Amino acid sequence: MAILTLLCMPAAAARYNVTAVSLDEDDLDATVVGGLTWRGGIAITMDNPRFGGLSALRVSRDGRRLTAVTDRGHWFQAELEYRDGNLSGLRNPRIRPILGPDGKPLSRPWTDAEALAEAGPDGLVVAFEQVHRLWRYDGTPDPTMARARPIEPPGNLRELPNNGGIEAMTRLCDGTLLAIAEQSRTRQGFVPGWIISGSNWWPLRYRIEAGLRPTGAATLPDCDVIFIERSFSFLAGLDIRIGRVAASAIQAGAELAPKIIARLSNSLTIDNFEGIAARRNDAGETLIYILSDDNFSLLQRTLLFMFRLDDG
């Protein structure tokens with residue numbers, strides 16, 4: 001596997017490595033998992049203590065730019081590279097602090113950014129754990145340089161477990177936000193979710209099973225929503241599942257039960273995937289990106305994969 005060592009731009013002033021990875025390191029010809037076809041993957045390292053913990057992902061419609069947030073209160077942005085239509089690398093990574101409403105970088109326990117969604121053409125919404133909240137960032141040309149504007153939360157958002165807040169969030173085709181929590185203190189078999197428009201929140205539920213919890217969401221070009229789920233135990237290891245919910249099913253009071261598209265097990269190249277994004281390329285293909293959170297651990301990796309969605 002080739003390793004590309006490049007110099008980051010002055011904003012980050014650090015070296016970074018991009019290493020090509022395969023879907024299955026024991027079977028380099030493997031390209032299909034469930035309804036997904038492999039279209040390239042990379043492992044990313046960076047000589048910068050702020051790099052790591054990437055917990056949510058957005059990719060621009062043209063596929064050129066990646067935006068993510070970290071567990072320690074930073075934005076991560078980079079330009080994506082392709083070869084023959086497949087993901088091959090990134091360049092010009094930039095790390096900058098997420099700002100609070102006062103325009104200052106965040107400090108603990110306010111730093112734990114876990115979900116990210118678009119909010120109009122020039123806006124982003126970030127969901128945080130520990131101190132549960134949603135903050136909106138608006139600005140041209142780059143909302144990541146803006147200060148936060150708090151979004152009025154529902155009363156029960158603060159009742160979520162400290163590490164069980166909103167992890168899956170996406171902007172729906174009608175402009176509203178869909179937000180799903182990772183854990184719940186109440187009903188078994190479900191986690192709470194909401195549809196959000198302005199200061200109005202309408203509750204719904206997301207069905208969970210087998211220890212899996214939703215960690216990311218993205219809106220597909222046809223307006224359905226794709227979710228990534230994750231479970232981990234020392235006995236069973238890591239399990240990653242990708243599922244789809246029809247747009248027509250997403251409404252106030254609904255019970256969302258994803259149709260499973262693919263399951264990535266320990267036999268494949270996997271890690272703690274928490275971010276997912278989707279777009280349609282010029283050839284009309286729907287492309288799915290997934291991003292892992294390394295928890296700032298030397299035992300884990302930051303992986304970025306791209307697949308073609310074949311499940312209709």
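Buried means under 20% relative accessible area, exposed means over 50%, and partly exposed covers the range in between (1.4 Å probe, protein chains only).

## Basis of the model

This is a predicted model, in which local features need pLDDT of at least 70 and side-chain atom pairs count only at pLDDT 80 or more, while totals for chains, interfaces and linings use all residues. Residues are numbered from 1 along each chain as its sequence is written, and side-chain values use heavy atoms, with hydrogens and water left out.

## Salt bridges

The structure holds 19 salt bridges, each defined as a side-chain nitrogen of Lys or Arg within 4 Å of a carboxyl oxygen of Asp or Glu. One of them joins arginine 241 to glutamate 229, with an N to O distance of 2.8 Å. This pair links distant parts of the chain, with arginine 241 in strand E19 (residues 237-245) and glutamate 229 in strand E18 (residues 225-233), 12 residues apart. Strands (E, at least two residues) and helices (H or I, at least four) are DSSP runs, numbered from the N terminus. Glutamate 229 counts as buried because its relative accessible area is 2%, and arginine 241 counts as buried because its value is 4%.

Strand E19 also holds aspartate 239, whose partner arginine 263 lies in strand E21 (residues 259-264), 24 residues apart. Aspartate 239 is buried at 16% relative accessibility, whereas arginine 263 is partly exposed at 40%. Salt bridges that share partners join Arg39, Glu285, Arg308 and Asp310 into one network. Another salt bridge pairs aspartate 62 with arginine 65, the closest N and O atoms being 3.7 Å apart. Aspartate 62 is partly exposed at 37% relative accessibility, and arginine 65 is partly exposed at 46%.

Glutamate 167 is found in strand E13 (residues 166-171).

Contact means heavy atoms within 4.5 Å. Leaving aside neighbours within four places in sequence, the contacts of glutamate 167 include Glu114, Glu129, Glu182 and Glu274, as well as Pro214, Thr215 and Gly216.

## Leucine 134

Leucine 134 lies in strand E11 (residues 133-138) and counts as buried because its relative accessibility is 2%. Beyond its neighbours within four places in sequence, leucine 134 is in contact with residues including Val125, Val126, Ile151, Leu157, Ile166, Met169 and Trp201. Leucine 157 is 23 residues from leucine 134 in sequence and 9.9 Å from it in space, C-alpha to C-alpha.

## Backbone features in loops

The peptide bond from arginine 108 to proline 109 is cis, with omega near 10°. Proline 109 is in the loop between strand E8 (86-97) and strand E9 (113-118). The bond from threonine 140 to proline 141 is also cis, with omega near 5°, and proline 141 lies in the loop between E11 and strand E12 (149-151).

Cysteine 223, in the loop between strand E17 (213-219) and E18, has a positive phi near 85° and is partly exposed at 25% relative accessibility. Asparagine 295, in the loop between strand E23 (286-292) and strand E24 (302-309), has a positive phi of about 55° although it is not a glycine. Asparagine 295 is partly exposed, with a relative accessible area of 38%.
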